[in-house]
Amino acid sequence: MRGRVYGTDHDYPGPLPNRDYAELVGGPLDGLLLDISGWTADEIQTGVSLMTELGQFGAGGRALYDPRPGERNRWDWSGDSP
């Protein structure tokens with residue numbers, strides 16, 4: 001898997017070996033990878049609210065992503081929140 005990982009240092013943005021990642025699909029964080037290593041099935045099913053300045057609400061806003069049914073490693077954007 002290639003690409004930039006959400007929340008990583010800009011000097012070392014790529015994925016690391018032996019980690020589990022979900023690709024963020026759509027929305028302001030489209031194409032980034034989210035490190036889900038060590039997450040439980042319940043945590044994965046819940047989805048995430050990720051801080052971003054790129055969404056509808058600007059600085060301090062959040063982008064909402066939920067796992068795609070049947071595809072643990074692809075999470076779809078479901079909207080933005082303040």
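Predicted model: local features only at pLDDT ≥ 70, side-chain atom pairs only at ≥ 80, totals over all residues.
Local features require pLDDT of at least 70 and side-chain atom pairs count only at pLDDT 80 or more, while totals for chains, interfaces and linings use all residues. Residues are numbered from 1 along each chain as its sequence is written, and side-chain values use heavy atoms, with hydrogens and water left out.

Helices (H or I, at least four residues) and strands (E, at least two) are DSSP runs, numbered from the N terminus. Two strands are taken as paired if DSSP finds at least two bridges between them. An open sheet is formed by 5 strands in the order β2-β1-β5-β4-β3, with mixed pairing. Its edge strands, β2 (33–35) and β3 (48–52), each pair on one side only. On average, neighbouring strands of this sheet are turned by 35° against each other, direction ignored; the axes are lines fitted to C-alpha atoms, for helices over the stretch in contact, and angles run from 0 to 180 degrees between N-to-C directions. Strand β1 (residues 21–25) runs antiparallel to β2 and is joined to β2 by 3 bridges. The bridge partner of Y21 in β2 is D35.

Side chains of opposite charge can pair when their charged atoms come close. A salt bridge is defined here as a side-chain nitrogen of Lys or Arg within 4 Å of a carboxyl oxygen of Asp or Glu, and the structure holds 5 of them. One of these joins R74 to E23, with the closest N and O atoms 3.0 Å apart. This pair links distant parts of the chain, as R74 belongs to strand β5 (residues 71–81) and E23 to strand β1, 51 residues apart. Accessibility is classed as buried (under 20% relative accessible area), exposed (over 50%) or partly exposed in between, with a 1.4 Å probe and protein chains only. R74 is partly exposed at 27%, and E23 is partly exposed at 26%. R74 also forms a salt bridge with E71, where the closest N and O atoms are 3.6 Å apart; E71 is partly exposed, with a relative accessible area of 34%. Salt bridges that share partners join E23, R68, E71, R74 and D76 into one network. Within it, D76 and R68 form a salt bridge with the closest N and O atoms 2.6 Å apart. D76 is partly exposed at 24%, and R68 is partly exposed at 22%.

In soluble globular proteins, nonpolar side chains tend to be buried together. A nonpolar core is a set of buried Ala, Val, Leu, Ile, Met, Phe, Trp, Tyr and Cys residues joined through side-chain atoms within 4.5 Å. The largest such core has 12 residues in all: A22, L24, L29, L32, L34, I36, I44, V48, L50, A63, Y65 and W75. Strands β1, β3 and β4 (61–68) are the elements that give two or more residues to this core.

Rings of Phe, Tyr and Trp (its six-membered ring) pair if their centres lie within 6.5 Å; planes under 30 degrees apart count as stacked, over 60 as edge-to-face and the rest as tilted. By this rule there is 1 aromatic pair. The ring centres of W39 and W75 are 5.8 Å apart and the planes stand at 70°, so the pair is edge-to-face. Because W39 lies in the loop between β2 and α1 (41–46) and W75 in strand β5, the pair ties together parts that are 36 residues apart in sequence. W39 is partly exposed at 27% relative accessibility, whereas W75 is buried at 0%.
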